[in-house]
Amino acid sequence: AVLDPLIERYRRRPFRIAILLLYFLALDWAFTWLPAVLLIIDSVAIAEFFERKDRPLSPAAGAVLLPALYVFAGFLLVFAYNDVVASVHFPFAYDAAFNAMDKWIFHGSSVSDLSHWALRIFPLSFFRFLEFIYFGMFPQIGAAILIVSISEGRSRGLQFVGTILMAYYFALALFYLWPSQGPYYLCPGHFSRFPSTLQVYSIQKALIARALALWNHAPIQSISTDYLIAFPCMHIAQPLIVMWFLRRWRRILIVLCAYDCVLMGAILLLEWHYFVDILGGILIAGIAITITDDSAGRSILGRCRRFVPGWLR
């Protein structure tokens, strides 16, 4: 029922399908098919949002512009400090410690053991699907900026971006204290067992090379988008923050909950993060939300008051 108006709109105007096809081909040529699919979905969703709301584009663009610039500048700083920390602290120093914590939690098994088991059981197409889920997390941030800024105003959009960046700044601080990069670095058989045709194979190899180059103080030509932090898992922290700010849209929230449950499996089976990293990401998301969102702070304080005797209030 939710998609019926969209289907009917494209049925009545089939030229839109041709435009989308040309748009997809251009994106596929520029970015490969997976980012192209995600960008097409985002584009259709944004266009449909304005169609249903019957709202002019100019005020909406004004509401989104400042949060978009804020997130761009904030991520530049995150990537820059990510490189700085990796150049002064050995970026793999605590991988063994986090792997040991996982083994304690899983009674002797590790994320790498789980991934290798899945490689024996499932076909390559299953791991391509996990890649799609893993990389599909990123459009959630852009979509949330659009929805929150247009529906609730620029200030709320800035608050959402500030919460995301606050979580990242905590992640940078923890990376400085306990640097680690993930199970794919520690696992001795990862690159011999993992399918080399997957995108994550080449990306993970490049990340290890980048981290070692930074540690050896190789010259940096520009700020890279290579993200080297395993603990905490920002691939879980960010979706949780998105869910918090989009919680008034129940249908969107249900879809995000289902998607993020699958995302957690993708993170582990692709050996991106330790299980402890995910727990850390959940904690960081909660702290960032509590600090930046007044409604969350009031809700937590209200619940705490129930356990405080009346004479202490």
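Student: Which are the buried residues of α13?

Tutor: They are M234, H235, I236, A237, Q238, P239, I241, V242, M243 and F245. Buried means under 20% relative accessible area, exposed means over 50%, and partly exposed lies in between, with a 1.4 Å probe and protein chains only. This is a predicted model, in which local features need pLDDT of at least 70 and side-chain atom pairs count only at pLDDT 80 or more, while totals for chains, interfaces and linings use all residues. Residues are numbered from 1 along each chain as its sequence is written, and side-chain values use heavy atoms, with hydrogens and water left out.

Student: Why is α13 described as largely enclosed?

Tutor: Because 10 of its 12 residues are buried, α13 is largely enclosed by the rest of the structure.

Student: How many Å does α13 reach?

Tutor: Helix α13, residues 234-245, reaches 16 Å from its first C-alpha to its last, close to the 16 Å expected at 1.5 Å a residue. The expected span is 1.5 Å times one less than the number of residues. Helices are DSSP runs of H or I with at least four residues, strands are runs of E with at least two, and both are numbered from the N terminus.

Student: Turning to the core, which residues have the most contacts inside the largest one?

Tutor: The largest nonpolar core has 73 residues, and those with the most contacts inside it are Y134, F160, I241, L246, I267, L270 and W272. Helix α9 (residues 154-177) gives the most to this core, with 10 residues. Such a core is a set of buried Ala, Val, Leu, Ile, Met, Phe, Trp, Tyr and Cys residues joined through side-chain atoms within 4.5 Å.

Student: What is I267 in contact with?

Tutor: Apart from neighbours within four places in sequence, I267 is in contact with Y134, C233, H235, I236, W272, H273 and I278. Contact here means heavy atoms within 4.5 Å.

Student: And L207, buried or exposed?

Tutor: L207 is buried, with a relative accessible area of 5%, and its place is in helix α12 (residues 199-215). Not counting residues up to four places away in sequence, L207 touches Q181, Y184, D226, Y227, L228 and W272. L207 and L228 are 21 residues apart in sequence, with 6.7 Å from C-alpha to C-alpha.

Student: How many aromatic pairs does the count come to?

Tutor: The count comes to 19 aromatic pairs. Rings of Phe, Tyr and Trp (its six-membered ring) pair if their centres lie within 6.5 Å; planes under 30 degrees apart count as stacked, over 60 as edge-to-face and the rest as tilted. F106 and F275 form a tilted pair, 5.3 Å centre to centre with 55° between the planes. This pair links distant parts of the chain, 169 residues apart: F106 is in the loop between α5 (95-105) and α6 (111-121), and F275 is in helix α15 (residues 275-292). The rings of F122 and F126 have centres 4.3 Å apart and planes at 25°, so that pair is stacked.

Student: Which residue lies over the face of W244?

Tutor: R247 lies over that face, at 3.8 Å from the ring centre of W244. K205 lies over the face of F191, at 5.7 Å from the ring centre. The rule requires NZ of Lys or CZ of Arg within 6 Å of the ring centre and within 35 degrees of the ring normal.
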